[in-house]
Amino acid sequence: MKTIKDPVHGHVRVSDELLPLLDAPHVQRLRYIRQLGFSHLVYPGANHSRFEHSVGTMHLAGAMGRELEFDADECLLTEAAGLLHDIGHGPFSHATEPLLTEFCGRGHDDIAPLLIEDLAPVLSGAGVDPEEVAAMVNGTHRYAGIIHGDLDVDRMDYLMRDAHYTGVPYGTVDPDRLIHSSAISDESGLYLRENGINSAESLLLARTLMRPSVYFHHVSRIAESMILIASLSHASAPGGDAYDELMRMNDFSFIAALLSSPSEAAVSLTQRVLDRRLYKRALYVGQDQVNAEEYRQGITVIRSRVIAEEIAAEAGVDEMSVLVDIPAFPSEMRMGVLVRNHYDLTSLEELSPLLTALNKARRSQWRLGIYTIPGQQNAVADAAGRVLSIKKPTKQDRLIL
């Protein structure tokens, strides 16, 4: 048994069976991957890693397993899934997710190849089935709701941890109450007792408030966009062995590769991020000013470059000086968790009127961003308005920073 002092949960115990997993290279790599990508450029304290988040998720997963009265093997499986759920992240976490999904054909929760090809001996030695861990993480296991669900321990940990390190006072979550209010049945799966409704609402509120202030802060989005285009310039057609390479890289080796790239654009963009000489917002508009149906699913990285080239040509500027950031619309929070009241199992949506208001707030938080170098925001904003048929841009949408 090993004890780790965690700043969020206090003392976290790691069982002897999981110690070899804790020391495995795929898990140790997470020490050098920032949890929040480039949020440290906004919040200097946001330097925490995927490793500590994984340890915290393992801790909460174990607590959930014990609350649900799992046997020893099921508890071990749940803890292993919590510890390993993020090993599929590339450098800088979600910043490189488009490289994985668009060019490698895998999301960060598709960790079966890593488990089966690389960690199977370690998992087998611990008495854990790699395929069951993969199913827990990708959402297909009968207990997947613990790790990959609406009120999962992954969200509980990252909301608390991200609020702690950024200093943003919005990630208020009561994991103990949520865990102690959870139950499971063969018929309905994981469900929540009625006394956990307020805690569930608190988690939903935290997700909504943290989204614009931390997860989609415009400075973080600009830095991520710059690094993403630097990556494409460095490897114009990533694929094939790119996935294996990304899974070997951490933040430092990734930056080193970009700085030593034969592409001048890759080197220049990367150095600008390191020096915090970031692009600025030329246009920043919400759903009511764009064709909502066209952008509902967001756009691919390749499509964003095509649009950027069109805007640059229209504005008469260099194409690498324009970045286009069009994320998918935020998904509706539909809590699939059922709540048991005195009479029956009921959907949380029926018991919580707060959910409708929060979903409306999330829709209003979406932004389409056009970024460029300082000094040419006006020209790029005008060009972007014409290319994208932006509806009635106002002075607030054209930000000179």
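R276 sits in the loop between α14 and β5. Its phi is near 55 degrees, a positive value in a residue other than glycine. At 42% relative accessibility, R276 counts as partly exposed. Here buried means under 20% relative accessible area, exposed means over 50%, and partly exposed lies in between (1.4 Å probe, protein chains only).

This is a predicted model, in which local features need pLDDT of at least 70, side-chain atom pairs count only at pLDDT 80 or more, and totals for chains, interfaces and linings use all residues. Residues are numbered from 1 along each chain as its sequence is written, and side-chain values use heavy atoms, with hydrogens and water left out.

Helices (H or I, at least four residues) and strands (E, at least two) are DSSP runs, numbered from the N terminus.

**Backbone and single sites**

S93 also stands out by its backbone. This residue is not a glycine, yet it has a positive phi of about 55 degrees. S93 lies in the loop between α4 and α5 (97-103). At 1% relative accessibility, S93 counts as buried.

| Residue | Relative accessible area | Class |
|---|---|---|
| E264 | 69% | exposed |
| G316 | 67% | exposed |
| L84 | 0% | buried |
| T270 | 0% | buried |

E264 belongs to helix α14 (residues 264-274). T270 is found in helix α14 too. Which residues does T270 contact, leaving aside its neighbours within four places in sequence? They are I227, A230, I255, L258 and L259. Contact means heavy atoms within 4.5 Å.

L84 is part of helix α4 (residues 72-84). Leaving aside neighbours within four places in sequence, L84 is in contact with L21, V27, I111, L115, L119, L123 and V133. L84 and V27 are 57 residues apart in sequence, and their C-alpha atoms are 7.0 Å apart in space. E264 and V27 are 237 residues apart in sequence and 33 Å apart in space, C-alpha to C-alpha.

G316 is in the loop between α16 and β6. From G316 to A383 the sequence separation is 67 residues, and the C-alpha to C-alpha distance is 9.0 Å.

**The sheet**

An open sheet of 3 strands runs in the order β5-β9-β6, with antiparallel pairing. Two strands pair if DSSP finds at least two bridges between them. The edge strands are β5 (280-285) and β6 (322-325), and each pairs on one side only. From one strand to the next, the twist averages 15 degrees.

How many bridges join β5 and β9? Strand β9 (residues 368-372) and β5 pair in the antiparallel sense over 5 bridges. L283 stands opposite I370 in β9.

Helices pack on this sheet. Helix α16 (residues 301-315) touches β6 and β9, and its direction makes about 135 degrees with that of β6. Helix α19 (residues 377-388) touches β5, β6 and β9, and its direction makes about 30 degrees with that of β5. Axes are lines fitted to C-alpha atoms, for helices over the stretch in contact, and angles run from 0 to 180 degrees between N-to-C directions.

**Helix packing around α8**

Two packed helices are described by the angle between their axes and the distance between the axes. Helix α3 (residues 50-67) and helix α8 (residues 153-166) have axes that come within 9 Å and cross at roughly 135 degrees. The two helices α3 and α8 are therefore oblique to each other. Angles under 35 degrees count as roughly parallel, over 145 as roughly antiparallel, 65 to 115 as roughly perpendicular, and the rest as oblique.

The crossing of α3 and α8 is right-handed. A crossing is left-handed if the near helix is turned anticlockwise from the far one by less than a right angle, and right-handed if clockwise. On the α3 side the contact is made by E52, H53, G56, T57, L60, A61 and M64. On the α8 side it is made by V153, D154, M156, D157, Y158, R161 and Y165. The residues of this α3 and α8 contact divide into 7 nonpolar, 3 polar and 4 charged. Ala, Val, Leu, Ile, Met, Phe, Trp, Tyr, Cys and Pro count as nonpolar, Asp, Glu, Lys and Arg as charged, and the others, Gly among them, as polar.

Helix α8 also packs with helix α10 (residues 197-215), at an angle of about 45 degrees and with the axes 11 Å apart. This pair, α8 and α10, is therefore oblique. Here the crossing is left-handed. R155, M156, Y158, L159, D162, A163 and T166 of α8 meet L203, A206, R207, M210, V214 and Y215 of α10. The contact of α8 with α10 has 9 nonpolar, 1 polar and 3 charged residues.
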